[in-house]
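Subject: Structure handover

Hello,

Please find the structure below. My notes on what was found in it follow.

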Amino acid sequence: MHGIRISTTATRITTTRLTSSVPEPSADQTKSAHHPDFTFEELVQAYFDCRKSKRNSGSALAFEQRLERNLFRLYDELKTNRYQPGKSICFVITRPKPREVWAADFRDRIVHHLFYNRVAPRFYASFIADSCACIPGRGTLYGAKRLESKVRSITQNWSQPAHYLKLDLANFFVSIDKRILREQLAKRIHEPWWIALVETILFHDPRQDYELRGNPALLERVPAHKRLTNHPANLGLPIGNLSSQFFANVYLNELDQFVKHQIGAKHYIRYVDDFILLHESPQWLNAAKVRIETFLAERLAAKINQSKTILQPVARGVDFVGQVIKPWRREVRKRSTNEAMRKVATMPASELFETANSYFGLFRQSSAGHHQCAKLANILRRRGHTISGDVTKTYRKNYGASHANPLPMQPPGPV
């Protein structure tokens, strides 16, 4: 195909430069008069933050081969306003559903951490306590526990009826309007150099220079309306970068403030683009939904995914962040449990230790997770693993060549 170069290790795509309709940073914003008020120590800290989860990636290892030289070069580019993002990597994940992931180069990720460390705290101070995605200390467990406490509060410990309204934004990341987001960021970032850096990251279009890794046919499994490549340049954030996660929280903070202070929802919680409102009256929830839809369309150019809207009594169970809150218990979603058991029973033995312990950790997050832990432990015992006395972890085992494949699920017959 014209414009495509294929290698044995990866599929590399050379793309033509796209015509961008987003506003470019003005000349004033690139002048050296905008003094970059960060230190080399801050850049080094950003590097350490970045490598925590990317230490063994190819780009991280290449950067570390000449670490001091690369850090000083990046520092000089930032200080002299010559920094520009590099090539991105695009690949497709298939679970829990097919979607594009765009990973920035390692040196660009360091810059993301640099600006995040400087500006994120001032935004987090304005976020509500019920926003719990990609914020330190507010992961999925925080969200599940907080929703459970809200359910127990509104139902008076499950003694009174109540309803919940669960909403999801349609095609959220690829529909974010960068121009609206830039206005939101500028309200709290007043330093000219920092806002110029944020604009460089925000308005960078990874589709202009990227490498496609993996099987190109997997792209066909991603719905066309969910592909970043099928949207205008002023819309969409690349899924996979720290900057995108932070920008998404800034974007939806206005929704949080509207629901809490304008609609007056006492029991509300959001994780990325999934959010839930609780109330005694289903009519009140329906009226709130209409107001939210109007606000999203007028202020954030977003809309609700009607196919994922749920309004029903909380007594039936509330599915949120991978857990289901039911009367007097909170458990891992059944689909996730079944997938964990299937994977542990069939995966290669050499990969079993890390995977099994991660699932133990997942099940231990729920208040009713002991049953799932016990079921997982039984599968591991049949595969020759030792389990801790409190059924919370398994131990590493040395495998020979004969144990490369999974053991049969059924125990052997009598000798």
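A place to begin is Asp273, which touches Leu167, Asp168, Leu169, Phe172 and Leu252, leaving aside residues up to four places away in sequence. Please keep in mind that this is a predicted model. Asp273 sits in the loop between E7 and E8. The residue is buried but has no salt bridge. Its nearest side chain of opposite charge is Lys308, at 6.9 Å.

E7 and E8 belong to an open sheet of four strands, in the order E7-E8-E5-E9 and with antiparallel pairing. Strand E7 (267–271) and strand E9 (310–313) are the edges, each pairing on one side only. On average, neighbouring strands here are turned by 15 degrees against each other, direction ignored.

E7 and E8 run antiparallel and are joined by five bridges. Ile269 has Ile276 in E8 as its bridge partner. The hairpin of these two strands has two residues between them, and Val272 there takes a positive phi near 55 degrees. Further along the sheet, strand E5 (residues 163–168) pairs with E9 in the antiparallel sense over four bridges. In that pair, Leu165 stands opposite Leu311 of E9.

Helix H6 (residues 140–154) packs on it and touches E7 and strand E8 (274–279), with a direction at about 165 degrees to that of E7. Helix H10 (residues 242–263) lies across E7 and E8 and runs at about 170 degrees to E7.

The chain and its cores

The protein chain has 14 helices and twelve strands. Of its 415 residues, 46% count as buried. Among contacts with a separation of 6 or more, 72% are between residues 24 or more positions apart.

The largest nonpolar core has 68 residues. Those with the most contacts inside it are Leu78, Ile110, Leu185, Phe246, Phe247 and Leu255. Leu255 touches Tyr268, Phe275, Ile292, Phe295, Leu296 and Leu300, again not counting residues up to four places away in sequence. A second, separate core has 18 residues, including Met347, Cys373, Ala377 and Val391.

Positive phi angles

Most residues other than glycine have a negative phi. Gln156 is not a glycine, yet has a positive phi of about 50 degrees. Gln156 lies in the loop between H6 and E5 and is exposed, with a relative accessible area of 53%. Val321, also not a glycine, has a positive phi of about 45 degrees. Val321 is in the loop between strand E10 (318–320) and strand E11 (323–326).

E11 then runs antiparallel to strand E12 (residues 329–332), with four bridges joining the two. Gln323 stands opposite Val332 in E12. Their hairpin has two residues between the strands, and Trp328 in it takes a positive phi near 70 degrees.

Salt bridges

How many salt bridges does a search of the whole structure find? The search finds 25. These are some of them:

- Glu211 and Arg213 meet through their side chains at 2.8 Å, N to O. Glu211 is buried, with a relative accessible area of 5%, while Arg213 counts as partly exposed at 41%.
- Glu331 pairs with Arg329, the closest N and O atoms being 3.3 Å apart. Glu331 counts as buried at 18% relative accessibility, and Arg329 as partly exposed at 34%.
- Arg342 pairs with Glu339, with 2.8 Å between the closest N and O atoms. The two are three residues apart in helix H12 (residues 334–346), so about one helical turn separates Arg342 from Glu339. Arg342 is partly exposed at 40% relative accessibility, and Glu339 is partly exposed at 22%.

There is also a network of salt bridges that links Asp130, Arg146, Lys150 and Lys260.

Regards

Conventions
Residues numbered from 1 in each chain as written. Predicted model: local features only at pLDDT ≥ 70, side-chain atom pairs only at ≥ 80, totals over all residues. Heavy atoms only, no water. Core = buried A, V, L, I, M, F, W, Y, C linked by side-chain atoms within 4.5 Å. Buried < 20%, exposed > 50% of the residue type's maximum accessible area, 1.4 Å probe, protein only. Contact = heavy atoms within 4.5 Å. Pairing = 2+ DSSP bridges. Axes fitted to C-alpha atoms, helices over the stretch in contact; angles between N-to-C directions. Lys, Arg positive; Asp, Glu negative; His and termini not counted. Salt bridge = Lys/Arg side-chain N within 4 Å of Asp/Glu carboxyl O.
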